[in-house]
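User: I am new to this structure. Could you take me through it?

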Amino acid sequence: MDTKAFKRSLQQSNNYHRKGFGHETEVMGTMNTEYQSSLIQKIRENNYQWQEGDVTIKLAEAFGFCWGVERAVAMAYETRQHFPTEKIWITNEIIHNPSVNQRLLEMNVGFIEVINGSKDFSVVETGDVVILPAFGASVTEMQLLNDKGCTIVDTTCPWVSKVWNSVEKHKKKDYTSIIHGKYKHEETVATSSFAGTYLVVLNLKEAQYVCDYILNGGNKDEFLEKFKNAHSEGFDPDKDLIRLGIANQTTMLKSETEQIGKLFETTMLKKYGPTELNEHFMSFNTICDATQERQDAMLNLVEEEVNVMVVIGGFNSSNTTHLQEISIEKGIDSYHIDSEKRILPGNKIEHKPLEKDIETKENWLPDGKIIVGVTSGASTPDKVVEAVIERIFEEKNASVLV
Ligand code: SF4
C-alpha cells in the first residue's frame, strides 16, 4: 500500500482531526484539577527536595507527563466535549497510565478490546468517533476506521510521526529500516506498518548479532528464527541488510539507540568503506526530547545520595521501565510501582522487578533517616507522584510511632 498517499488523503478528509476543537482553556482547567499537584509544585520550587520527619524526597529534575502525553489526554477530553452524544472509542490505552485510562472510562470512552491477540473492531459503527492514542495506530487500523466511516481524532505525538516520516524516507530510497524497539509495542507496530522492509532489534546484543551477520554471514534459518515476528514479510538477511536506515521507538533508552545507530554505521563503514557509506546507511535524529530529558535527569539522580529509589509509571510503559533500568544498573534498591496503592501498611511494597512479575518486598524502607529518590514516566500525572510521596511519609511516620 502507498502509506504516504493514504495518510495524505486521510488528512484531507473532513472526518479526520489532529488538532483540538477549541475547548483548550476549559479542558486545561479540568486537567489541572485532576492531574496537577500543589505538593509537587512546592518540591519543584524547593530545588526538587522535600523533607518530612525522617524522610527526604529527592525528585528527578525532569519527570512525569511529557507534552505529547498531555496533548493526547487534552485532545481526548476535548473530543468528549465536542461530541457529547456520540459513541467514542480509543484504539488502545491513550497512554500507559491506569488512572488516566480509568478517568476516560468514567467519561464513557470505550477501549477496543483485544480478543485472542487481535483488536475487536466489530463494536465500532459508522459515525462513531475513534481516538488514536499518543503512540499512534497502524496504517491498517486507520484504513479500517476510515472505511467504516468513523470520525478519527488522531492524538499521535508529533515525535512519533517524525519517526514514521523517517521510515517513509527509507522506504522511498529502498533502504531497510532497522527499528530499535519492542516489536509488540503499539508504537513499533505502528511504525513498522509505515515501513517497507524492516527489522526490529530490541537491544545492543541483537544489533551486534545482525552486524556480525552483515560482516561475516551466518546461518539464515537461525537468523530468521531469532527475529521471528520482528521483521517484514519475506525478509531475507542475505538481501535486505545491504542498505540500512535507523529508526526507533521514541521511548527506548536513548544511549542504547545512539549506540545501535553507531554500531550499524561502523559496520557499514567496515563493509563498504567511507566513500560508499552514504549509499548504505542513513540516520535521522528521532530521539524524543522528553524521553531524553527524563533519562538524563535520572542519570543525574542516581549519582546523588539516595537510599531507595521509587520509579512510578504503568507496568507496560516502556519509558518508565528504562528509568528503572538506569537505577538498577547503578545498584540502587529501586521499586517500579504504578500507584500509591502498591505501598502497603507494615512497610511492604508491591513492585515489578525488571523482566519479572509483581512481587512483594517487606521492610523496603530502611530504618532511621532516609533519602528516597523519586521519578516517574512520561505517562504519569503529578497527582499520582504526590500520592506516592504522601504514602511514603505516612508509612515512615507510622513506623516511628510504633
Ligand atoms: S515520550 Fe516523547 S514521543 Fe512519547 S508522547 Fe511524550 S513527547 Fe511524544
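Predicted model: local features only at pLDDT ≥ 70, side-chain atom pairs only at ≥ 80, totals over all residues.

User: Into which domains is the chain divided?

Analyst: There is domain 1 (35–66 + 290–401), domain 2 (67–157) and domain 3 (159–287); the bounds come from an automatic or database domain assignment.

User: How many residues do domain 1 and domain 2 put into their contact?

Analyst: Domain 1 gives 13 residues and domain 2 gives 10 residues, where two residues are in contact if their C-beta atoms, placed from the backbone, lie within 7 Å. The C-alpha centres of these two domains are 30 Å apart.

User: Now the ligand. Which residues come nearest?

Analyst: Cys-66, Gly-68, Cys-157, Trp-159 and Cys-288 do, out of 15 residues around the ligand. A residue counts as near if its C-beta atom, placed from the backbone, lies within 6 Å.

User: Which helix gives the most to that shell?

Analyst: Helix 4 does, with 3 residues. Helix 4 (67–82), helix 7 (158–172) and helix 13 (289–301) each supply at least two. Helices (H or I, at least four residues) and strands (E, at least two) are DSSP runs, numbered from the N terminus.

User: What classes of residue make up the shell?

Analyst: The shell has 10 nonpolar, 5 polar and no charged residues. Ala, Val, Leu, Ile, Met, Phe, Trp, Tyr, Cys and Pro count as nonpolar, Asp, Glu, Lys and Arg as charged, and the others, Gly among them, as polar.

User: Next, helix 9 and helix 11: at what angle do they cross?

Analyst: The axes of helix 9 (residues 204–216) and helix 11 (residues 254–272) cross at roughly 5° and come within 10 Å. Axes are lines fitted to C-alpha atoms, for helices over the stretch in contact, and angles run from 0 to 180 degrees between N-to-C directions. Helix 9 is therefore roughly parallel to helix 11, a term for angles under 35 degrees.

User: Finally, what is the strand order of the open sheet?

Analyst: The order of its 5 strands is 2-3-19-14-15, with mixed pairing; two strands pair if DSSP finds at least two bridges between them. Strand 2 (49–52) and strand 15 (334–337) are the edge strands.

User: How many bridges join strand 14 to strand 15?

Analyst: Strand 14 (residues 308–312) is joined to strand 15 by 4 bridges, and the two run parallel. Val-311 stands opposite His-336 in strand 15.

Key: Residues numbered from 1 in each chain as written. Parallel < 35°, antiparallel > 145°, perpendicular 65-115°, else oblique.
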